[in-house]
Amino acid sequence: MKNYRNQEMAVLENQQKEILQQLVELKNQMLEIKKTLQSNKADLGLKSSPKKLPSSSLKIENVPDLIVNANPKNPPYSLLCIQRLWSNIINLKVKTYTHSTISKITKEAERLSSELEGFKCTESIPVISLRLIWKNVGADVELLVRHYPIMGEVNVLRYLSRLLQGPFNYELSPKCLEIDSVLDLCYLLLCSKSKGERINLLQQLDKKLGKSGWFCDSSSVSIADIAAQSTLKNIPSNEINQNLTKWLQKCTQQITCKV
Amino acid sequence: MVEDKPIEVAASGDSVKKPSKKDLKKAEKESKKAEKRASNAAVKLEVVEDDVSAGKYGVLPLIRSTSNFPQRAFTNVKDLNKRLAGKNVWVRARLHTVRGRGKQCFVVLRQKEFTVQAIINVSNTVSKAMVKFASSISKESILDVEATVTEVPSAVAGCSQQDVELVTSQLWIVSSSLPQLPLLIEDASRPEKNDDAESLSIRVNQDTRLDNRILDLRTPANQAIFRIEAGVCRLFREILTEHGFTEIHTPKIISAASEGGANVFTVSYFKGNAYLAQSPQLYKQMAIAADFEKVFTVGAVFRAEDSNTHRHLTEFTGLDLEMAFKYHYHEVMLFIGNVLTGIFKGLRDQFATEIGMVGQQYGMEPFTFLEPPLVLKYAEGRAMLAEAGVEIGPEEDLNTPAEKLLGRIVKAKYDTDFYILDKYPLAVRPFYTMPDPEDPITSNSYDMFMRGEEILSGAQRIHDPELLTERAKHHGIDLSKIASYIDSFKYGCPPHAGGGIGLERVVMLYLGLDNIRKTAMFPRDPKRLTP
């Protein structure tokens, strides 16, 4: 009886080995296919840009058309940062509209519109098209992807960073929590009603920046900087301290030099 | 004196038990008798008694523009407010409602959509006879009233002028109405949807309204609708004139059917027959061939379609434009889109009160739009529909339910009630539509939508006689019938495109009304030729 069982086990083990073998082969085949596909992609001109990241790190197929509703009193400057700073990876094509609930848009919104629409990306990189609609919404920016809106500029940034994967997904960074807390501060700043509330939040934000060049001790502009600079541009400039003002200038420079 | 016709009202909801015809007639007779008695009494009182108000009230002789007439400054009802308190004013208005109570009489005067309360109290200058006379005036009569504007402690409910009332000193009938009205203005102006369960549920049905259109048109909502309609027409003219367009007038009696051939009215024309134009298109195009570059026309358009729907009329007002362009028909398409957006903006900014008045009765969602207008490709529209589970073939036209659904999807996504759908399949467009040089399936044509209903269909027209002939043959059209049309392009013609909208339909959709008959002053449909 015992013998019989052992024999059965042996047969099973053999079968398992075979299956595993087949799986390895299948995996190799898949890798092969993937390689050829990637080289094909590269041939299509994707390699031409020297700053290009390996295309495997970018998955921006099937990105739906993005619709962003924003109040012209609170322009989402972060869109401009994304468009300029990520211009070697994605081509963010923006078309702006004014909704009928707005009879006249602010000068700031008008300027942002023309800057966003006027940006021409020459490189043949994946295109994401975004429709920015100036609308009588609250201070929160709304992003419509499917049927439910994503509310708040920082949450729109979070969504975009996840969408683009790879180096832009701040969630892969070891400073993820730090960045998240800066984003939350920005969100609270835009929601704040009183000056006292804002001053308190600005102090916390200032602490996060400290003496370092960029937020969260980063060596270059991160999503935290993008969110913070848009937020600071939306609050009265006399409430911002020297340290943050200096940083804001540097940030703006970084973006304008990309124009 | 009045033809025997019971008051026609449609009671919606739980209708009250209708009195029998006999009862109605009886009641009518009695009310007539009472009226006669009242008017006789009024006249008698004037003659017999020593009346302190004599010469302060009565029926004015028919105004025939005699050489000696009183020099009076009249105040409009809409201008009556606190600032005029204590002032003596003359008002010419209709009697909207009247309520007599022994020694006093409450009257609501109406001028256009504005109403004000007037009171006639027995006093040492106002006699009982005058109050009685006021109580007996039939509704809708036109009155000349002299009164003192008086501030009221609490707002007058149900009147547009809420902070004042008129204390009447003179009251004259300028033109009296028959006492029996086929419909009551009050009933006809009642909001369609009312949350207040206690309010009356009497509504006037569409046919009663249309049969008695002059009364129906006196409601605030109708006053507003036709002012808005005039606004659309004026804005269309203004915007286009500003952009260098020339207004042209095209013949309405034509020798051959302009499009297709069906759906035209035949009229006898001396010894032969002629047709009523179903579109000014050929003439607009001829004006382009004659170097007018940018033209528009506003005029009646006739369609002999036996369709009894909420959005078809057999005669409507067409606002059409045609425009030469340089290299791409999008120059024209986007221009038309901007013209319409301009009209919507004009309505939003200049007609807010009127839109509010229509809203009060019909309670619609405000019209939303984007500036510049949203442009979607036909293929994108199909993809959006497919996502929602409605498959439309690449060479198939959108049917009405699909159009409505797409309208809803676009509204949910972009929150706009107006959008343009570009690049329609060539197969579903008329023969003179320019095919897309880059895709054999599509054409250089576009439709524009308001609240999911098509309002404009336009395209780049073929301006080359050879290509036009070829396309006509492909559609199996008898070339001899369109020879003169093709001939117009033989002596050179600039590339051009255009489109046209139906005034009534645009107003209906802008206001979110459910029937085009509401926006046609005297609508014509297969079943209605009068009034």
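**Figure 1. The salt bridge between A:K135 and B:D415.** In this predicted model, the closest N and O atoms of A:K135 and B:D415 are 2.7 Å apart. A salt bridge here is a side-chain nitrogen of Lys or Arg within 4 Å of a carboxyl oxygen of Asp or Glu. Between chain A and chain B the count is one salt bridge. Seven residue pairs, both at pLDDT 80 or more, are in polar contact across this interface. A polar contact is a pair of N or O atoms within 3.5 Å; within protein, one must be able to donate a hydrogen and the other to accept it, and residues adjacent in sequence count only if both atoms are side-chain atoms.

**Figure 2. The side of chain A that touches chain B.** The elements that give two or more residues to this side are β2 (91–99) and β3 (127–134) of chain A. With five residues, β2(A) gives the most. By type, the residues of this side divide into five nonpolar, five polar and five charged. Ala, Val, Leu, Ile, Met, Phe, Trp, Tyr, Cys and Pro count as nonpolar, Asp, Glu, Lys and Arg as charged, and the others, Gly among them, as polar. Helices (H or I, at least four residues) and strands (E, at least two) are DSSP runs, numbered from the N terminus.

**Figure 3. Area buried between chain A and chain B.** In contact across the interface are 15 residues of chain A and 16 residues of chain B, where contact means heavy atoms within 4.5 Å. The two chains bury about 1,300 Å² between them, 50% of it on carbon and sulfur atoms. A:Y97, A:S100 and A:R131 lose the most area on the chain A side, together 38% of what that side buries. Buried area is the accessible area (1.4 Å probe) that two parts lose on being put together, summed over both.

**Figure 4. Pairing of β2(A) with β15(B).** Strand β15 (residues 370–371) of chain B is joined to β2(A) by two bridges, and the strands run antiparallel. A:T98 stands opposite B:E371 in this pairing. Two strands pair if DSSP finds at least two bridges between them.

**Figure 5. An open sheet in chain B.** Three strands lie in the order β10-β12-β11, with antiparallel pairing. The edge strands, β10 (253–254) and β11 (266–269), each pair on one side only. Two bridges join β10(B) to β12 (residues 272–276), and B:I253 stands opposite B:L276 in β12(B).

Figure 6. B:S445 counts as buried because its relative accessibility is 0%; buried means under 20% relative accessible area, exposed over 50%, partly exposed in between (1.4 Å probe, protein chains only). The side chain of B:S445 makes a polar contact with the side chain of B:R429 (3.3 Å). Not counting residues up to four places away in sequence, B:S445 touches several residues, among them B:Y329, B:L421, B:T433 and B:G458.

Figure 7. B:C233 counts as buried, at 14% relative accessibility. Leaving aside neighbours within four places in sequence, B:C233 is in contact with B:V298, B:L319 and B:L503. The C-alpha atoms of B:C233 and B:G318 are separated by 10.0 Å, and these residues are 85 apart along the chain.

**Notes to all views.** Residues are numbered from 1 along each chain as its sequence is written, chains are lettered from A and ligands numbered from 1 in the order in which they are written, and side-chain values use heavy atoms, with hydrogens and water left out. In this predicted model, local features need pLDDT of at least 70 and side-chain atom pairs count only at pLDDT 80 or more, while totals for chains, interfaces and linings use all residues.
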